[in-house]
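Thanks for coming. I have one structure to go through today, and I will start with a single residue before turning to the whole chain.

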Amino acid sequence: MNILFRGGRVFTPDGVVAEAVLVRGGVIAAVGPEGELARGPHETVDLDGGLLVPGFTDAHMHPIQAGLERAKCDLSEDFGLDAYKEKIADYAAKNPEKEWIDGGGWDMSAFPGGLPHRDHLGFLDRPAYLIQRDHHAAWVNTRALERAGITRDTPDPADGRIERDANGEPTGVLHEGAMNLVGLLTPRPTAQDLQDALADAERHLFSLGVTGWQDAIVGSYAGSGDPLPTYLAAARSGRLRARVVGALWWDRTRGLEQIEDLVARRASAEGLERFRATSVKIMQDGITENFTAATLEPYCLCGGTGLSYVDPAKLKEYVAELDRLGFQVHFHAIGERAVREALDSLEGTDPANRHHIAHLQIIEPSDVPRFAALGVTANLQPLWATHHAQMDELTLPYLGEPRSSWQYPFADLVACGTRLCAGSDWPVSDADPLQGMHVAVNRTEPGGSVHAGYPTAQTPFLPEQRIDLATVMTAYTEGSAWINRSPAGRIEPGRPSDLVVLDRDPFELPPGDIWTTRVRMTFVDGEAVYERA
């Protein structure tokens with residue numbers, strides 16, 4: 001079947017052009033004047049003044065976890081203790097048969113100091129385990145602590161912390177590796193639960209124009225199960241339509257001996273069209289808000305320099321072996337010390353393996369040029385680069401200057417010639433790439449976001465680090481597709497026709513209105529997988 005996309009503009013490698021696109025047999029056949037492309041038989045998709053763009057690829061997300069959370073006690077659309085308690089109580093009343101109340105999506109900025117308390121959940125008659133929105137902590141009640149045997153005498157794990165009050169009693173927040181103390185006791189999802197979660201996530205992502213992604217944790221983490229069997233089953237059956245790469249989880253309690261297992265896990269996906277397990281995820285630190293991000297100098301007010309989850313002295317050896325075996329290394333690095341440790345470990349590796357570092361909240365300025373010099377891609381999560389409540393109330397006071405001004409240096413990375421890709425970290429933040437683009441261009445909260453009413457939401461955050469729309473759109477399309485070795489990501493002949501029709505042309509809007517753009521249709525291999533009602 002031939003399809004002619006006409007009546008708008010097209011985002012191509014050469015820029016935004018006023019031309020048509022012809023698709024033949026699921027492949028882009030031509031880009032050019034409508035009169036020349038319309039000569040043979042075809043169906044027509046009228047862009048109606050909108051913009052045709054390549055399908056977006058998200059370079060860092062957790063869709064199956066998102067799908068599971070959407071089916072549980074989902075707090076991600078609420079904000080504030082009263083709203084959370086109401087949602088939790090309603091969920092408990094509607095699910096009396098459930099042994100646990102589990103789910104997540106609560107925001108640290110809804111609580112003084114970013115910390116809820118177990119007593120806030122005292123109204124429940126069952127244990128509760130609710131994962132923080134960014135998945136670096138869990139909120140539990142007294143029943144859950146008792147079920148896990150956690151008391152004032154329970155030691156902190158090496159890679160986490162049990163939050164305690166002035167008397168040493170656990171308060172009900174478990175940070176990082178401590179999440180497993182309770183999380184592993186919660187009911188395990190069935191194989192069908194996981195397949196349903198993936199299907200729900202894919203439908204949602206198609207509605208946002210996301211036609212491919214890299215799952216940033218394919219393994220067991222924070223009480224969640226390993227999604228690899230779910231991806232393999234979906235890809236083998238043909239149910240998986242998106243183009244997906246799994247980043248296999250590096251177990252930070254083990255060393256080189258796990259590489260044999262990673263090689264076997266990679267081999268299990270060989271020959272599959274829609275899923276490959278060719279990346280390895282190394283989480284090098286935590287987050288700034290709970291002081292687990294690895295910093296060069298102590299945090300203000302509380303001291304400490306965070307955690308390096310993998311011993312930097314061993315990290316280089318691990319990365320060198322992964323690189324030798326042809327794995328891509330996908331780093332989580334938030335603090336400036338973690339970024340430096342990741343870059344140090346990538347010295348001498350093969351750029352052809354397309355290694356990348358995600359999040360990059362704080363980069364010490366002398367490390368910015370090293371990305372381009374080493375051939376390391378910067379994996380941006382743009383939505384975080386604003387004056388939102390968590391930033392202003394929890395992050396800035398603990399970072400101080402000059403470190404606060406080193407955050408999310410997108411423009412500096414671009415100026416040094418760094419290759420970019422982009423993602424959302426969904427369900428940590430909104431999966432909509434257009435919202436992320438808005439922030440990258442404006443450094444302000446999208447006008448329709450849940451925190452748009454926050455007093456400083458429309459004050460640009462480090463505005464000198466803004467980048468232009470074409471640059472960030474390329475990161476979400478060609479850049480992230482490149483990271484995944486996907487053949488999609490560009491509108492040019494010979495590429496798969498993974499395409500998205502936007503309801504308006506964001507390049508013709510005032511920058512402050514980019515967030516209003518919506519997806520009207522999404523195509524994978526020339527087949528419509530989403531059409532807005």
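**A ring pair and its surroundings**

Phe 507 is partly exposed, with a relative accessible area of 26%; partly exposed means between the limits for buried, under 20% relative accessible area, and exposed, over 50%, using a 1.4 Å probe and protein chains only. This is a predicted model, where local features need pLDDT of at least 70, side-chain atom pairs count only at pLDDT 80 or more, and totals for chains, interfaces and linings use all residues. Residues are numbered from 1 along each chain as its sequence is written, and side-chain values use heavy atoms, with hydrogens and water left out.

There are 11 aromatic pairs in the structure. Rings of Phe, Tyr and Trp (for Trp, its six-membered ring) pair if their centres lie within 6.5 Å, and planes under 30 degrees apart count as stacked, over 60 as edge-to-face and the rest as tilted. Phe 507 forms a stacked pair with Phe 11, at 5.7 Å centre to centre and 15 degrees between the planes. Phe 11 is in strand β2 (residues 9-12) and Phe 507 in the loop between β22 (499-502) and β23 (519-524), so the pair ties together parts that are 496 residues apart in sequence. Strands here are DSSP runs of E, at least two residues, and helices are runs of H or I, at least four, numbered from the N terminus. Phe 11 is buried, with a relative accessible area of 6%.

Ring pairs also link Tyr 84, Trp 106, Phe 111 and Trp 139 into a cluster.

Next, Ser 109. Ser 109 sits in the loop between β10 (101-106) and β11 (128-132) and counts as buried, at 11% relative accessibility. Which residues does Ser 109 touch, not counting residues up to four places away in sequence? They are Phe 79, Ala 389, Gln 390, Glu 393 and Leu 394, where a contact means heavy atoms within 4.5 Å.

Now the whole protein. It has 15 helices and 24 strands. Buried residues account for 59% of the 533 residues. Of the contacts between residues at least 6 apart in sequence, 72% join residues at least 24 apart. Along the principal axes, the C-alpha trace spans about 80 × 55 × 50 Å.

That is what I have; questions are welcome.
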